[in-house]
Amino acid sequence: MFEHIDAYPGDPILTLNENFAKDLRDNKVNLSIGIYYDDEGRLPVMQAVREAEGQLLAELGPKPYLPMAGFAQYRDAVQSLVFGDDSPARVDGRIATVQTLGGSGALKIGADFIKRYFPDSQVWVSDPTWENHRFIFERAGFTVSTYPYYDEASGGLKFEAMLTAIDALPARSVVLLHACCHNPTGVDLNDAQWVQLIEILKKRDLLPFIDMAYQGFGAGIEADAFAIRELVHQNVPAFVANSFSKNFSLYGERCGGLSVICESPDVAARVLGQLTSAVRANYSNPPTHGAKIVARVLTTPELRQSWEDELTSMCRRIMRMRAEIHDCLRGNVPDTMLARYLEQRGMFTYTGLLAGQVDVLRERHGVYLIRSGRMCVAALNERNLAITARAIAEVLSHATD
């Protein structure tokens, strides 16, 4: 019956993480998977999350199914955080929001919805993008193409080429964009560039799909949502996926949301109905526990402030690690590679290392990066930073011998 089924090669990032676990070397360093670790190399439990979960456990009771759209208080909190409490679209009731299984679940529900109602559209993603973007949309039946984004030579953005490509897309093409802390490159648009891009999206009648997995890890909670607020300002219909895996350190709870900016409350109600239909066809309804933690934190002033303060500290620690590895590598790597550690932002940096050099880092030094050269800066700490810098310097010195 199943002889014709081929082997799954595995997800390159998760497989690399599994191989790291099997590595017996004492000084191994895992900078591959996109997870924030603290200065001790541990996955943090945020204080606000700890307190909220303690309160919920003290109130333990029955665990009925949630509605297909999810926990109502959570959905409202998602809207408030992503769009701003006083967002005109939110006040007017023009946003349809469902609770999803993390950011990936939001992408999947959005992909299924779009395939049903925009069946002839194609999807365009940045070159490069997170590997799962292509996988999710192709599995939903879309042809997925790329638009120019990352400039290998400078470590920056090919903004003019990006604008030109998007300005030439057919109407109703789906354009997937990273709100902040671009994965994998760490290269973001600035606010002025977002305004220009959104004007083109509107002029060309394109459908933006914004993925915001790292709100709070770039320029701050509010600033990181600039593109989304600007879409509302320019009255552009759009999809927005968000995740609380990173900024709440709730990876395994799979807390996410999908929101759709609509033209009217009536349209939003119909869109919400069809989003819940897509949820029903995928997993029927979302889980309760993580959503209640997030909702409790975001709607309790003291917990909200505690969460924001700790998230700011996490962001600052990443910036400190960027500065320290920059200083450790100074004089050992070309200036164009060195500058990336400070100019790029968020959890990831595209180091400029080639696939073969990444292989040597792993095999000889036990330093694990993605073969694209992506480094998870959020996994650096005072103990592994010097090890990493020495290994990179040695690999690069041999490459020039």
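Select asparagine 235 to begin: this residue is exposed, with a relative accessible area of 52%, where exposed means over 50% relative accessible area, buried under 20% and partly exposed in between (1.4 Å probe, protein chains only). Asparagine 235 lies in the loop between α9 (226-233) and β9 (238-243); helices (H or I, at least four residues) and strands (E, at least two) are DSSP runs, numbered from the N terminus. Its phi is near 55°, a positive value in a residue other than glycine. Most residues other than glycine have a negative phi, and most peptide bonds are trans.

The model is predicted: local features need pLDDT of at least 70 and side-chain atom pairs count only at pLDDT 80 or more, while totals for chains, interfaces and linings use all residues. Residues are numbered from 1 along each chain as its sequence is written, and side-chain values use heavy atoms, with hydrogens and water left out.

Next, select arginine 254, in the loop between β9 and β10 (255-261). Its phi is likewise positive, near 55°, and arginine 254 is partly exposed, with a relative accessible area of 32%.

Now display the open sheet of seven strands, whose order is β2-β10-β9-β8-β7-β3-β4, with mixed pairing; two strands pair if DSSP finds at least two bridges between them. At the edges stand β2 (95-101) and β4 (144-148), each with a single partner strand, so one side of each has no neighbour in the sheet. On average, neighbouring strands of this sheet are turned by 25° against each other, direction ignored.

Within the sheet, select strand β3 (residues 123-127) and strand β7 (residues 174-178), which pair in the parallel sense over two bridges. Valine 123 has valine 174 in β7 as its bridge partner.

Helix α6 (residues 131-139) lies across β3, β4, β7 and β8 (207-212), at about 145° to β4. Angles run from 0 to 180 degrees between N-to-C directions, and axes are lines fitted to C-alpha atoms, for helices over the stretch in contact. Helix α7 (residues 159-166) lies across β4 and β7, running at about 135° to β4.

Two cis peptide bonds may be visited next. One joins aspartate 127 and proline 128, with omega about 5°; proline 128 lies in the loop between β3 and α6. In the loop between β7 and α8 (191-203) is proline 184, and the peptide bond to it from asparagine 183 is cis, with omega near 25°.

Residues of α2, including Ala48, Ala52 and Leu56, meet residues of α11, among them His289, Ile293 and Val297; contact means heavy atoms within 4.5 Å.

Which helix holds arginine 362, the last stop? Arginine 362 lies in helix α15 (residues 355-365) and is buried, with a relative accessible area of 18%. Leaving aside neighbours within four places in sequence, arginine 362 is in contact with Leu16, Arg25, Val367 and Tyr368.
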